[in-house]
Amino acid sequence: MGKKLLMKGNEALAEAAIRAGVKGYFGYPITPQSELLEYMATNLDSRGGVFLQAESEVAAINMVYGASGTGTRVMTSTSSPGFSLMQEGISYMACAELPCLLVNVVRGGPGLGTIQPSQGDYFQAVKGGGHGDYKLIVLAPNSVQEMADLVYLGFDLTDKYRNPVLILADGALGQMMESVEFPEYNVEEHFVDHSSWTTVGRENGREQHYITSLHLLSEKMEEINVHLQDKYKKIQENETRFESIQTEDADILIVAFGLSSRSSQKALELAREQGLKVGILRPITLFPFPSDELKHLANSVKGILVVEMNAGQMVEDVRLAVGSNVPVDFYGRMGGMIPQPDEIVDKIKDLYKQVKI
Amino acid sequence: METTREGIVCNNLDQMDVVFDRTEVLHDTPTSYCPGCSHSVVHRLIMEVIEELGILGDTIGVAPVGCSVFAYHFMNVDMQQAAHGRATAVATGIKRVLPDKIVYTYQGDGDLAAIGTAETIHTINRGENIVMIFINNGIYGMTGGQMAPTTLEGDVTSTTPHGRDTLIQGHAIKITEMAAIMDGAYYVTRQAVNSAKTVRKCKKAIKQAFQNQIDGKIGTNFVEVVSNCPSGWKMTPIEANKKIDEQVLDYYPLGDLKTPPKGA
């Protein structure tokens, strides 16, 4: 590990991407992620990559598509309305199996919404987002340190599975400053040879490579879909990541990701001080979702409280995982508001009454 | 008696001189284009140019949505299929990370001049050092003959059943003229392939466009090819080629719209 630096989340993410060997960054300004774009503009060219400000998010994602097709480590970043604009391109990339790192520093919606933090894009992130049956690998940092750490993981996963990886952050994680250390990362050791499929010219008369997401024959298109679903299954089996905090003796389990897990952590401390046995399960991968771990925990806890910065999105996946084994309650704030620890504690107390411990 | 690759039966084939053959850069397969369609001709011209310039090992093509969406089945070049309208953004991504490679797009009028107008304008404005081949046949052929941004005033299509009315549907867009006024453009030309003479001139223009990129000339090389669509226009190929001479070229005159300054 290097020395500790005080950085904004957006900047830490950008610095980690450069250290992870990103060679192409294509983006468009939008609050609250613009520092990421600006950091790339200032630093990427002099450190061996290419920065280009596109005319729109639509163009940016298609530039990423083109560059990815050459086997280059590429990325883009945006915030919610911009991410909506990118959905068509992301769907094409998922089908054509093009690796790339996507970053959505989420703001409150719908519509133009607010520039304040939100988790309102959970469904869009984990259920596909664009048209057709596809999945992104979705990583959810909850600190500036993880804004950096998950970049390295994201590039490794996108190269390994030839599937776009999304870092789902939020406006607060992008803007807030915390200390961060950048791990040792040898780009060469993580190099994945994509030369069997990339389009770089038919050197020495080798057979043609082409990249497409068009398969008019239904039999062929079904085959592609089956292949993608098999891949998602493999990802589910191998790449699920989560953090468990004091779940061993917990009566009430909070499930929260990203920024709301930070509020929940403070709520856990306050609740424990009052003798309430609270634990947290924090999904780090939102797809694949830690359903098995939740199922397992549902055997020992008396109630589950899902805390989100939206109207209740991940809570649906929690309910799907645990079924009717244990009551699942929800607490959310919307429109850029952040759940406060004392609000969460009140909700925990309500749940305690409900489940009659 | 022997049979040629095209199935023509003739005498003493081995004693005959080959005066014309398919370039190896075209796949040995029938195209999906309608009989008489300009696409096949322009495909051949580009592939011949790539062969003649010896750049096959360095060339990457981009074809988006439209009749040419399967271009990679005919052009035996490394290719990327792009979303509708996004070919030049995809090409930008390729060229920016591999500046020494030769990159071209092959786009129809709906792609380049309607849904992809923003990408077209900004790619040229940035002066991306690529070749853009623009097939202008004034109609949406793939989806069944709807109005294109380049459909001429009065022309009947399935979405202008009473003919294009400029008060309602606006004017046939002159995007090549727009390309020519941009500082980022290096070479802008309008060609046709409706006669032997125009085919020869068109090939020369395509070759010039690729040569400019090879030479590292800074700026975008833009070649419009005024094309026919016999099926969409509901004409025979001969009638369609005649319409180009008699009507289309009045509105879209042939020639260079921007050439590099002398000595450049």
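**Helix packing and backbone**

Guide: In H1(A), the residues A:Gly9, A:Asn10, A:Ala12, A:Leu13, A:Ala16, A:Ala17 and A:Arg19 meet A:Val144, A:Met147, A:Ala148, A:Val151, A:Tyr152 and A:Phe155 of H6(A). Contact means heavy atoms within 4.5 Å. Helices (H or I, at least four residues) and strands (E, at least two) are DSSP runs, numbered from the N terminus. This is a predicted model, in which local features need pLDDT of at least 70, side-chain atom pairs count only at pLDDT 80 or more, and totals for chains, interfaces and linings use all residues. Residues are numbered from 1 along each chain as its sequence is written, chains are lettered from A and ligands numbered from 1 in the order in which they are written, and side-chain values use heavy atoms, with hydrogens and water left out.

Visitor: How many nonpolar residues does the contact of H1(A) with H6(A) have?

Guide: Ala, Val, Leu, Ile, Met, Phe, Trp, Tyr, Cys and Pro count as nonpolar, Asp, Glu, Lys and Arg as charged, and the others, Gly among them, as polar. By that scheme the contact of H1(A) with H6(A) has one charged residue, two polar and, as the number asked for, ten nonpolar.

Visitor: Are H1(A) and H6(A) roughly parallel or roughly antiparallel to each other?

Guide: Axes are lines fitted to C-alpha atoms, for helices over the stretch in contact, and angles run from 0 to 180 degrees between N-to-C directions. The axes of H1 (residues 9–19) and H6 (residues 144–161) of chain A come within 8 Å and cross at roughly 30 degrees. Angles under 35 degrees count as roughly parallel, over 145 as roughly antiparallel, 65 to 115 as roughly perpendicular and the rest as oblique. H1(A) and H6(A) are therefore roughly parallel.

Visitor: At what angle do H1(A) and H2(A) pack, and what does that make them?

Guide: Their axes are 8 Å apart, and the angle is about 40 degrees. That makes H1(A), relative to H2(A), oblique.

Visitor: Which residues of H2(A) make the contact with H1(A)?

Guide: H1(A) contributes A:Asn10, A:Glu11, A:Leu13, A:Ala14, A:Glu15, A:Ala17 and A:Ile18. On the H2(A) side are A:Glu35, A:Leu36, A:Tyr39, A:Met40 and A:Asn43.

Visitor: Is A:Glu35 buried or exposed, and which side chain makes a polar contact with its side chain?

Guide: Buried means under 20% relative accessible area, exposed over 50%, partly exposed in between (1.4 Å probe, protein chains only). At 17%, A:Glu35 is buried. A polar contact is a pair of N or O atoms within 3.5 Å; within protein, one must be able to donate a hydrogen and the other to accept it, and residues adjacent in sequence count only if both atoms are side-chain atoms. At 2.8 Å, the partner of the A:Glu35 side chain is that of A:Asn10.

Visitor: What is omega for the cis peptide bond that joins A:Thr31 and A:Pro32?

Guide: A:Pro32 sits in the loop between strand S2 (24–27) and H2 of chain A. The omega of this cis bond is about 10 degrees.

Visitor: Where does A:Pro110 lie?

Guide: A cis peptide bond joins A:Gly109 and A:Pro110, with omega about 0 degrees. A:Pro110 is in the loop between strand S5 (101–106) and helix H5 (122–126) of chain A.

Visitor: What is phi of A:Arg162?

Guide: A:Arg162 lies in the loop between H6 and strand S7 (165–170) of chain A. With a relative accessible area of 23%, A:Arg162 is partly exposed. Its phi is positive, in a residue other than glycine, and near 50 degrees.
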